Amino acid sequence: TGKLSEARRLLAWVEAMKRGRYPNATSLAADLSGRAGAWSGVCPRTLHRDLAVLRRRLHAPVEYDPIRRGFRLADPEWCFPLEELRGELFYASLFGEALSASLLPDPLRFNLQEAMRVRLAAADPAGLDADLLRAVVFATGATAELAPTVFDVVHQAWRDRRRVRLRYHGTGDSEAVQRDVDVHALFLSQGAWYARVHCHLRNAPRSLAIHRILEPMLLGQRFKRDETLLAAVRQGDVFDYEVVRNVVIDCAPEKARIVSEREWFPGQKTKDLPGGGVRATFARVPRPEVVHWVMSYCGHLTVRRPRDLVEEIRQAGQRIAANHSRPSEGP
């Protein structure tokens with residue numbers, strides 16, 4: 001609807017100003033034109049009228065910067081009024097929050113649930129059954145248990161860009177090792193939360209499983225986020241695994257549809273094979289993850305290249321066969 005489109009445009013103005021982009025009607029229109037969907041018809045004249053709405057109706061502290069030739073918020077803490085977020089925008093926001101709540105450890109989960117209750121009470125959205133949101137479920141499978149106090153310190157270190165001292169008990173360590181780290185990113189992988197950090201002990205990036213962190217303590221030093229490291233995280237390079245290049249894997253017809261309808265690793269290309277199978281090719285994949293993926297399909301996937309990966313899969317299969325050569329007699 002027109003109301004919904006206006007709300008989205010107003011939010012676009014506020015977002016651009018909060019990010020320090022100093023937008024004007026022309027530059028914002030150019031930026032929005034690159035987005036899909038409803039943004040295709042947005043013109044500078046419409047956005048200029050929306051700016052007046054921000055100032056007059058919402059009393060946003062918008063001011064023009066003649067040097068940057070764009071607008072900014074005189075008070076960066078100003079927030080978009082909740083009552084303007086209604087209809088599908090409001091529903092989409094609450095749906096996303098309900099979906100993510102099950103992924104968050106305490107105390108973030110509690111804080112998010114409280115925020116959702118406040119927003120529902122304040123907005124009083126007609127036609128939205130609050131109980132409906134309880135039926136939104138994110139199935140994550142097995143999850144690693146987190147100590148809330150540990151996650152709270154690590155999260156604060158990431159949010160405030162403060163160095164943190166901790167002890168870390170890695171899978172290959174006989175005992176926990178003390179490290180000073182800068183937390184550049186947090187990410188969820190296979191049911192466990194990780195911190196992508198710069199480790200000052202190793203002077204290198206590392207991914208630390210937060211459930212293996214012990215006794216974290218915030219330090220006084222602050223750090224600047226590493227954009228190169230963050231870009232790698234956004235591309236999925238979150239573990240320091242050996243990379244295998246130019247991988248070719250064939251899939252049997254029984255699982256061809258499942259394999260072809262998802263991107264298992266970035267840059268995946270698939271083509272049909274005679275008989276109903278598919279061939280998947282990857283320019284680069286993490287070695288442990290591709291081995292686990294192939295083995296999980298119980299023989300429906302066959303590695304064709306490279307030769308060393310073929311041999312690794314073959315040896316893994318032999319070990320599994322040897323361990324299951326006779327039925328278990330039990331304890």
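I will start with the overall figures, then take a sheet, its helices, the salt bridges and the nonpolar cores.

What you see is a predicted model. The protein has 10 helices and 11 strands. Of its 331 residues, 38% count as buried. The exposed surface comes to about 20200 Å², and carbon and sulfur atoms supply 50% of that area. If we take contacts between residues at least 6 apart in sequence, 60% of them join residues at least 24 apart.

Now the sheet. Please find the open sheet of 4 strands, in the order S9-S10-S8-S11, with antiparallel pairing. Which strands stand at the edges? They are S9, residues 269-272, and S11, residues 301-305. Each of these has a single partner strand, so one side of each is left without a neighbour in the sheet. From one strand to the next, the twist averages 25°.

Take the S9 end. S9 and S10 run antiparallel and are joined by 4 bridges. Thr 270 stands opposite Ala 280 in S10. The two strands, S9 and S10, form a hairpin with 5 residues between them. In the turn, Gly 275 has a positive phi of about 95°.

At the other end, S8, which covers residues 243-251, is joined to S11 by 4 bridges, again antiparallel. Here Ile 249 stands opposite Val 303 in S11. Helix H9, residues 287-296, packs on the sheet and touches S8, S10 and S11. The direction of H9 makes about 150° with that of S10, which spans 278-286. Helix H10, residues 307-323, lies across S8 and S11 and runs at about 145° to S11.

How many does a search of the whole structure find? The search finds 14. I will start with Arg 287. Its side chain meets that of Glu 242 in a salt bridge, 3.2 Å from N to O. This pair links distant parts of the chain, with Glu 242 in the loop between H7 and S8 and Arg 287 in helix H9, 45 residues apart. Arg 287 also forms a salt bridge with Glu 312, where the closest N and O atoms are 2.7 Å apart. That pair connects helix H10, which holds Glu 312, with helix H9, which holds Arg 287, and the two residues are 25 apart in the chain.

Is Arg 287 buried or exposed? Arg 287 counts as buried, because its relative accessibility is 12% and the cut-off for buried is under 20%. Its two partners count as partly exposed: Glu 242 has a relative accessible area of 49%, and Glu 312 is at 30%. Salt bridges that share partners join Glu 242, Arg 287, Asp 308 and Glu 312 into one network.

One more salt bridge is that of Arg 159 with Asp 160, with the closest N and O atoms 3.7 Å apart. Asp 160 is partly exposed, at 27% relative accessibility.

Next, the nonpolar cores. The largest has 30 residues. Those with the most contacts inside this core are Val 154, Val 181, Val 183, Leu 186, Ile 210 and Ile 213. Which elements give two or more residues to it? They are helix H6 (148-160), strands S3 (162-168), S4 (177-189), S5 (192-199) and S6 (204-209), and helix H7 (227-234). S5 provides the largest share, 6 residues.

Leu 186 gives a view of the packing. Leaving aside neighbours within four places in sequence, Leu 186 is in contact with Phe 151, Val 154, His 155, Trp 158, Trp 193, Tyr 194, Ala 195 and Ile 210. Another core, of 22 residues, lies apart from the largest one, and Val 14, Ala 25, Ala 29 and Leu 73 are among its members.

Last, Met 17, which is found in helix H1, residues 2-18. Met 17 is at 6% relative accessibility and counts as buried. With neighbours within four places left aside, its contacts are Pro 23, Leu 54, Val 62, Phe 71, Arg 72 and Leu 73. Met 17 and Val 62 are 45 residues apart in sequence, and their C-alpha atoms are 8.8 Å apart in space.

That is the end of the tour.

Terms used. Residues numbered from 1 in each chain as written. Predicted model: local features only at pLDDT ≥ 70, side-chain atom pairs only at ≥ 80, totals over all residues. Heavy atoms only, no water. Pairing = 2+ DSSP bridges. Axes fitted to C-alpha atoms, helices over the stretch in contact; angles between N-to-C directions. Contact = heavy atoms within 4.5 Å. Core = buried A, V, L, I, M, F, W, Y, C linked by side-chain atoms within 4.5 Å. Buried < 20%, exposed > 50% of the residue type's maximum accessible area, 1.4 Å probe, protein only. Areas by Shrake-Rupley, 256 points an atom, 1.4 Å probe, with all protein chains shown as cover. Salt bridge = Lys/Arg side-chain N within 4 Å of Asp/Glu carboxyl O.
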